[in-house]
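Open the model in your viewer and keep the selection panel at hand. The stops below say what to select next and what is there.

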Amino acid sequence: MVNFLIRRLLAAIVLLIIVSMVTFAIFFLIPRLTGASSSDLASRYVGKTAGPQAVHEVEIRLGLNRPLVVQYWNFVKGIVVGAHYNFGPSKVYCGPPCFGYSFVNQTPVWPDLLDRMPVTLSLAGGAAVIWLVFGVTTGVVSALKRGSVVDRVSMGIALAGVSLPIFFTGLLSLAIFRDNLKLFPGAGTYVGLTQNPLTWASNLVLPWVTLAFLQAALYARLTRAGMLETMGEDYIRTARAKGLPERTVIVRHALRATLTPVLTIFGIDLGTLVGGAVLTEGTFSLPGLGKFAIDSINNNDLPRVLGVVMVGAFFIVLANLVVDVLYAVIDPRVRLS
């Protein structure tokens, strides 16, 4: 088990390094290949109205005129140990992990990411619990009652959930439950969990349900298909022949085998959401990582975009690492060797 964890951690570190190289190349190498110069990049710090001398000074202070290999090394070094930036008469220290300074605000990127992260974590965590519980439960019930009215209705709802985009269901839920029925008047605003837990939960109910509606539909269909396949296996018939209760056969034998692919998808989906639920946060105007990424792209603020990409990649790698470890817990046929 320890050797497996060490190998997976090393693989995760290598993967993050590869992601950082690809991301850095997209933002800094490709623009040069298309004709942009380091002076164009420096001008984003000082504005287009600045003179050539001011642009040249910023270019030298930030090291934008250095080779790309040196710039990438400084970028990675900043993430690990921090970096110093020469703004004005004195140097400014950016503590680790340092993803650089914003082109627009000239402030470190990491504190801004930390400020937005609780919103995205709250959104992803609450929605994940809802879609996992309701999606798996609906899929199991539909598989056990195959062809019944319950099966047809639940799969019809699941089909609607898969087909309808988040921005449609989100705006529809706001119009009905917030504007007309006044059930969730604070929906679309965020209050910290530590400030007021009840207000925090009530303001996030609609975003949770909207996001979970799409994901739960996918999990219901996936669980139903897995249960239908598993219930016909020989070991299920053997368990029933041994006289085991039907509940034990379903939960301890059929469901555990079915949850393996569900767990795989759950790790990817949760990691992606933590990296930034773009559509949901944009629809409900939640100040999370997704909206942070949209604003950064609109402002052409490359350091902020780079920071969001790296944080999203980290959470996806972390989620898949946890999923690999949980495989052995859910399915005893998996061996971590």
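Begin between the two domains, whose bounds come from an automatic or database domain assignment. Domain 1 (1-108) and domain 2 (110-335) both give residues to the lining of the second largest pocket, so this pocket lies between them. The model is predicted: local features need pLDDT of at least 70 and side-chain atom pairs count only at pLDDT 80 or more, while totals for chains, interfaces and linings use all residues. Residues are numbered from 1 along each chain as its sequence is written, and side-chain values use heavy atoms, with hydrogens and water left out.

A pocket is an open set of points on a 1 Å grid over the protein atoms alone where a 1.4 Å probe fits, with protein on both sides within 12 Å along at least five of seven lines; lining residues have an atom within 4 Å of a point. Volume is the space filled by probe spheres set on the points, which are joined across faces, edges and corners.

**Second largest pocket**

This pocket holds about 550 Å³ of space. Select Leu16, Ile79, Phe99, Met310 and Phe314, which are the closest to its centre of the 22 lining residues. Helices (H or I, at least four residues) and strands (E, at least two) are DSSP runs, numbered from the N terminus. The largest share of the lining, seven residues, comes from α13. By class, the lining has 21 nonpolar, one polar and no charged residues; Ala, Val, Leu, Ile, Met, Phe, Trp, Tyr, Cys and Pro count as nonpolar, Asp, Glu, Lys and Arg as charged, and the others, Gly among them, as polar.

**Largest pocket**

Next select Leu62, Asn74, Phe75, Ala83 and Tyr85, the closest to the centre of the largest pocket among its 29 lining residues. About 660 Å³ of space lies there. Helix α4 gives the most to this lining, with five residues. The lining divides into 17 nonpolar, eight polar and four charged residues. Domain 1 and domain 2 both contribute to the lining, so the largest pocket also lies between them.

**Aromatic pairs**

Rings of Phe, Tyr and Trp (its six-membered ring) pair if their centres lie within 6.5 Å; planes under 30 degrees apart count as stacked, over 60 as edge-to-face and the rest as tilted. A search of the whole structure finds eight aromatic pairs. The ring centres of Phe24 and Phe75 are 5.7 Å apart and the planes are at 35°, so this pair is tilted. Phe24 is in helix α1 (residues 2-33) and Phe75 in helix α4 (residues 68-81), so the pair ties together parts 51 residues apart in sequence. Both Phe24 and Phe75 are buried (buried is under 20% relative accessible area, exposed over 50%, partly exposed in between; 1.4 Å probe, protein chains only).

**Backbone stops**

Go to Pro96 and Pro97, where the peptide bond is cis, with omega near -10°. Pro97 sits in the loop between β2 (90-94) and α5 (109-144).

Then select Lys182, a residue other than glycine with a positive phi, near 60°. Lys182 is in the loop between α7 (166-180) and α8 (197-230) and is exposed, with a relative accessible area of 57%.

Finish at Ser285, which is not a glycine but has a positive phi of about 55°. Ser285 counts as partly exposed, at 45% relative accessibility.
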